[in-house]
Amino acid sequence: MSEVSGTARHIVFAPLADGGRGDVVARRIGEAIGLGLISDGEQLPSETDLAGAFNVSTVTLREALSTLRRQGLLETRRGRGGGSFVRAPVDASTARLRRVLRDTGVHELREIGDHHLAVAGTAARLAAERASGDHLERLHEFVDALATAETVGDRRRADGRFHIEIAAAAQSTRLTRQEIDLQGEIGELLWIPFGEAVHLDEAVEQHRDILAAIEAGDGDKARARTERHVELGIARLIEFHLHLAKR
């Protein structure tokens, strides 16, 4: 699958406000690994460079790396050519994801949906005005990747990268950061097997429609189609949550 643009990757390693704690650094790197923004086997920058990028102390950075190693998302190799290397995450079990969705209230799901509507809708409108040829090419590749994805994890990552790339195409650092956070928060839930809030064929068709509006430079249509796409996913998540809560 194609990589997201350099904008999205740059944001992963952007400085944290007011320093930051080890758990915040670990969550940001962990989200990026889960979404495939940092590839399996990729070597992270040195501890000194990473600490400088995040604007944290080396002690805080090492605490974050230790957390990621315990989660199985990093391995450390010693000696010449050594360092911290990314390990692709094992997709979460269906049972765990169902528990998470069951324990997430309707109000919280609506709050997440409202937030995603604002972020994704605005990003799509701006992307219709600002997307470059490279952005459009990547968006086509992510739609094709979703159409041919064979596993739930691959579908989730292709879906997430599509939305993150739209935010990057909007050329907004804040929107891209928020889209990454939202995909990390809700992406797995949208693709829970046998309860998918997003149906594959329908999602591919909707992504193609959103991309067509962006390519046409029609910001209002791109925003409306994106909002409808997000609303449908949240409505189905709430429906599945209520089904699980009755058991």
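Buried means under 20% relative accessible area, exposed over 50%, and partly exposed in between (1.4 Å probe, protein chains only). The model is predicted: local features need pLDDT of at least 70, side-chain atom pairs count only at pLDDT 80 or more, and totals for chains, interfaces and linings use all residues. Residues are numbered from 1 along each chain as its sequence is written, and side-chain values use heavy atoms, with hydrogens and water left out.

**Salt bridges**

A salt bridge is a side-chain nitrogen of Lys or Arg within 4 Å of a carboxyl oxygen of Asp or Glu. The count comes to 13. Three of them follow.

| Pair | N to O distance |
|---|---|
| R21 and D23 | 3.1 Å |
| R62 and E47 | 2.7 Å |
| D181 and R177 | 2.6 Å |

D23 is partly exposed at 39% relative accessible area. R21 is exposed at 52%. R62 sits in helix α4 (residues 58–70) and E47 in helix α3 (residues 47–54), so their bridge ties together parts 15 residues apart in sequence. Helices are DSSP runs (H or I, at least four residues), numbered from the N terminus. D181 and R177 are four residues apart in helix α9 (residues 173–190), about one helical turn. Salt bridges with shared partners join E31, R177 and D181 into one network. R177 is buried at 14%, whereas D181 is partly exposed at 32%.

**A buried valine**

V25 belongs to helix α2 (residues 22–34). V25 is buried, at 0% relative accessibility. Leaving aside residues up to four places away in sequence, V25 touches L16, F54, V56, L61 and A64 (contact: heavy atoms within 4.5 Å).

Notes:
Helices (H or I, at least four residues) and strands (E, at least two) are DSSP runs, numbered from the N terminus.
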